[in-house]
Amino acid sequence: MSPLSSYRRLLELAGPAYVVTAFLGRLPLAMSQLGTLLLVSTATGRYAEGGLAAGALAVANAVSAPVAGTLADRLGQRPIVLAQSLAGAAALATLVLLVHLHASSVVLVATAGLAGLALPQIGPLARVRWRPLTAGTGEHQRRLVDAAFSYEGAADEASFAVGPALIGLGAVAVSPSGGLLAAAALLAVFGSAFALHPSGRHAAGRAVGATAGRLLTVAFVVLVLAQLAIGALFGATQTGATVLATGVGQPGAAGLVHAMLGVGSAAAGIGTAFVPARIGHERRVLVSAVALLLLSLPLLLADGLVGLTATVFALGFAVAPYMIGVFTLGERIVPSARVGAAMTVLASATGVGYALGSSIAGRLADTHGHTAAFTVTVAATVFAVVLAGSQQRRLRRAAGPRTPAEPEPARAEVGAMAPGVA
């Protein structure tokens, strides 16, 4: 079955309405970080405050994601995602209201954190539904599930292109508040629709009793640090773009600029499928890390939106191959019963990295401008290169070749999203 045939079959199995709903439902998470950064920075006049609020949202979401996944496993996706969608929408709207009421920075940061706790992780939950949806396809199921996960990866990257763009358009057309209010509306409508979609019944109450095997090995910690680096890149780049765009009098353009990172990444993610299988994923991570470093250096010279947009777009082409390599290695080096937990931890590491990157970049930008913020981006890529380069042998040995008799691990099942990581 060819890739195009696989995609057509997946569309037949799930239906176009599900695909659209699942994509639009994940946009608010992609919109909320930049929207919070832009709103709070504009209201307080300090990028450090905006970065702290955006970081609080990201960290809170990273902490709550495994817990929500476990609850969805035990109780079913419908009640958990529905409650998260409504609570998250209310929290984002409350943050906008508090800004207009001139609440203190402490209150704004705390409210952003509460919003992060409530926001649902639609992407991982959507992945869970594909395996039962393809259960009746016989020998084609493995290829269909692989195609589904490729699509979900591209959808995630596309959401992080469209989401910031919507924030930028909302800021230009209305105000910095407009973007977050749009995110709240999308979450209330499409997050709830995703929760109530019939496909959610396939993923309801699928408890997994198998918990054997260690998750925290040295090799897995390396991958967690690798995702921490890419998260820091996201946070610092977003902060630097916001500072530069605000400095030239177009704060709303920050979302459009950062959206280009997702555009380049989504395009590269599709192309990653054509990389020969003989090239190991640990090597792909290293090559991508080097590319991230080289492509991030022009950020230090950026002084206008045109040059910045082109640089960010090019940088995006190294992001997806890097992340695909890290997540694939994560799937291969952990016991099959812990793959879901591994995916959740890696995703959470990205959020923590975003918080670190945006907070540090925001503080540097307050005193030294946008170039200082972009030095954090470059520093994150240097760390990624050193980490990947020094750990090639360890990762290669940990991943190893799978034998034909070895079972294929379950991929990102909500049932495997145990809160424990040891």
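**View 1. A253 in helix 10.** A253 belongs to helix 10, which covers residues 253-272. The model shown here and in every view is predicted. Is A253 buried or exposed? A253 counts as buried, because its relative accessibility is 11% and the cut-off for buried is under 20%. Look for two contacts, A245 and L305. Residues up to four places away in sequence are left out of that list. Now find G168. In sequence, A253 and G168 are 85 residues apart. In space, their C-alpha atoms are 5.5 Å apart.

**View 2. T381 in helix 14.** T381 sits in helix 14, residues 370-390. T381 has a relative accessible area of 2%, so T381 is buried. Which residues does T381 touch, leaving aside those up to four places away in sequence? They are L233, A289, L292, L293 and S296.

**View 3. A nonpolar patch on the surface.** Six names to find here: V59, V63, V352, L356, I360 and L364. Together they form a nonpolar patch with about 430 Å² of accessible area. Two helices each supply at least two residues of the patch: helix 3 (47-75) and helix 13 (339-368). Which helix gives the largest share? Helix 13 does, with four residues. An α-helix has 3.6 residues a turn, so residues three or four places apart point the same way.

**View 4. V352 in the patch.** V352 lies in helix 13 and is one of the patch residues. V352 is partly exposed because its relative accessible area is 32%, and partly exposed runs between the buried limit of 20% and the exposed limit of 50%.

View 5. Helix 4 spans residues 77-100, 24 residues in total. How far does helix 4 reach from its first C-alpha to its last? The reach is 35 Å, close to the 34 Å expected at 1.5 Å a residue. H102 follows helix 4. The phi of H102 is positive, near 60°.

**View 6. The whole protein, for orientation.** The protein has 15 helices and zero strands. It has 422 residues, and 55% of them count as buried. The accessible surface comes to about 16600 Å². Carbon and sulfur atoms hold 69% of that surface. Among contacts with a separation of 6 or more, 86% join residues 24 or more positions apart.

Note on methods: Residues numbered from 1 in each chain as written. Predicted model: local features only at pLDDT ≥ 70, side-chain atom pairs only at ≥ 80, totals over all residues. Heavy atoms only, no water. Patch = residues over 30% accessible without salt bridge, like charges linked within 9 Å, V, L, I, M, F, W, Y side chains within 5 Å. Areas by Shrake-Rupley, 256 points an atom, 1.4 Å probe, with all protein chains shown as cover. Salt bridge = Lys/Arg side-chain N within 4 Å of Asp/Glu carboxyl O. Buried < 20%, exposed > 50% of the residue type's maximum accessible area, 1.4 Å probe, protein only. Contact = heavy atoms within 4.5 Å. Expected span 1.5 Å × (residues − 1).
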